[in-house]
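User: I am new to this structure. Please take one part of it and walk me through that part closely, then show me what lies around it.

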Amino acid sequence: MCGACTVLLDGVVVRACLVFAVQANSCVITTIEGVADEDGGSHPVQDAMSRAHGLQCGFCTPGMVMSIIALLERNPDPDDREIREGLSGNLCRCTGYQGIVDAVRIAVRSNGVTNAEQGRPAVALGHVVRRTEDRRLLTGHGQYVDDVRLPGTLQVAFVRSPFPRADIVDIDVSAAERFPGVRAAYTPADLNHLARDMRSTIEIFATSTAPPFRELLASAQVRYVGDPVVMIVADSRYIAEDAAELVDITYAELPPVIGLDAALRDEHIVQAELGTNIAATLSSPPDPRVDDAFAEATFVLDETFEQHRLAEEQAAVAALSSAAPPAASPPRRFSRRCCTSPATSWRQPSRT
Ligand code: FES
């Protein structure tokens, strides 16, 4: 429910993933592909998003554009609070929301007219630089990992924790393994030894406290709602998702740690092996020039910033081959694979 699939159903903004086909019967559905003018020119909102740099990877953009169009239909001159409220159902993981809010303001000022500079390359500093990929991303033609279909691609579904914190008492995948079309059902014991050298991103920056080993699948304990515990590999996404529902996991619930303050109090330790909820301490070496700059500054703003994560998730599609790479080119390494070709035989690792 991130809002990326937002469309208009008879002019009403809806998330397509939450609408049954029967509900859409006889309705007019408008998607991002249907908002440009008849000559193929951009809609003013698409143009404004490009001008204000309201997109980066473009994943959320079609849904964001549809929500903005619906917002301006309801309220042609929203203030900042109304803009943010109107877009509160759309999540953007990479751009930041300010550019998107700016885009709404530009769209309001444009009075329904697409800017004539559309597509003109930037020639100097001081001009809005149009990114070459903007048009593709703003018109719904971005390609992402889930759009790539290699022949015979197997699909994966994860069984995830419904609890913020719990001990895993037992895992039974036998019913899922027997489900027609399932190639394998992997438990933590099957996979975690394959990733012993996989460390969390924070380790790169840490100056104290070794960060914990990051498991592929939660083994003894789940630490957040959605923590993956079992991985089902099947011939299709739907088979994998149906089989995932047959996995039986017994949990023993533990008190959750909610919020930064509770975490810092260390009443409950999320990573027992660390003995504290502080995974790492990052600091910069003292520099007297910083103190001088503060001393000379007209205004000094002292704030505490909370950020919910360090980095964006990455994904890649890879076709594995048994052929050795040419001697001149070293093997390429991917931090994470999410699809593979059946040429890689998916053998069930022996259970221990
Ligand atoms: S541009 Fe919004 S998720 Fe990347």
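Analyst: Start with Gln-46. Leaving aside residues up to four places away in sequence, Gln-46 touches Val-65 and Leu-138. This is a predicted model, so read each contact as part of a prediction. Gln-46 belongs to helix 1, which covers residues 44-51.

Is Gln-46 buried or exposed? There are 29 other C-beta atoms within 10 Å of Gln-46. The cut-off for a buried residue is 20 or more. Gln-46 therefore counts as buried. Ala-36 lies 10 residues away from Gln-46 along the chain. Their C-alpha atoms are 8.3 Å apart.

Look at one strand pair in more detail. Strand 1 spans residues 6-9 and pairs with strand 3 over two bridges, in the antiparallel sense. Leu-9 stands opposite Ile-29, a residue of strand 3. In general, strands of a sheet pair through backbone hydrogen bonds.

Next, the helix partner. Two packed helices are described by the angle and the distance between their axes. For helix 2 and helix 4 (residues 98-110), the axes come within 11 Å and cross at roughly 45°. That angle is why helix 2 is called oblique to helix 4. The crossing of the two helices is right-handed.

Which residues meet there? From helix 2 come Met-64, Ile-68 and Leu-72. From helix 4 come Ile-100, Val-104, Ala-107 and Val-108. The residues of this contact divide into seven nonpolar, no polar and no charged.

Finally, step back to the whole protein chain. It has 352 residues, and 23% of them count as buried. Its secondary structure comes to 10 helices and nine strands. Take the contacts between residues at least 6 apart in sequence: 71% of them join residues at least 24 apart.

Conventions. Residues numbered from 1 in each chain as written. Predicted model: local features only at pLDDT ≥ 70, side-chain atom pairs only at ≥ 80, totals over all residues. Helix = DSSP H or I, 4+ residues; strand = E, 2+ residues; numbered from the N terminus. Buried ≥ 20, exposed ≤ 12 C-beta atoms within 10 Å, placed from the backbone. Contact = placed C-beta atoms within 7 Å. Pairing = 2+ DSSP bridges. Axes fitted to C-alpha atoms, helices over the stretch in contact; angles between N-to-C directions. Parallel < 35°, antiparallel > 145°, perpendicular 65-115°, else oblique. Left-handed = near helix turned anticlockwise from the far one by under 90°. Nonpolar A, V, L, I, M, F, W, Y, C, P; charged D, E, K, R; others polar.
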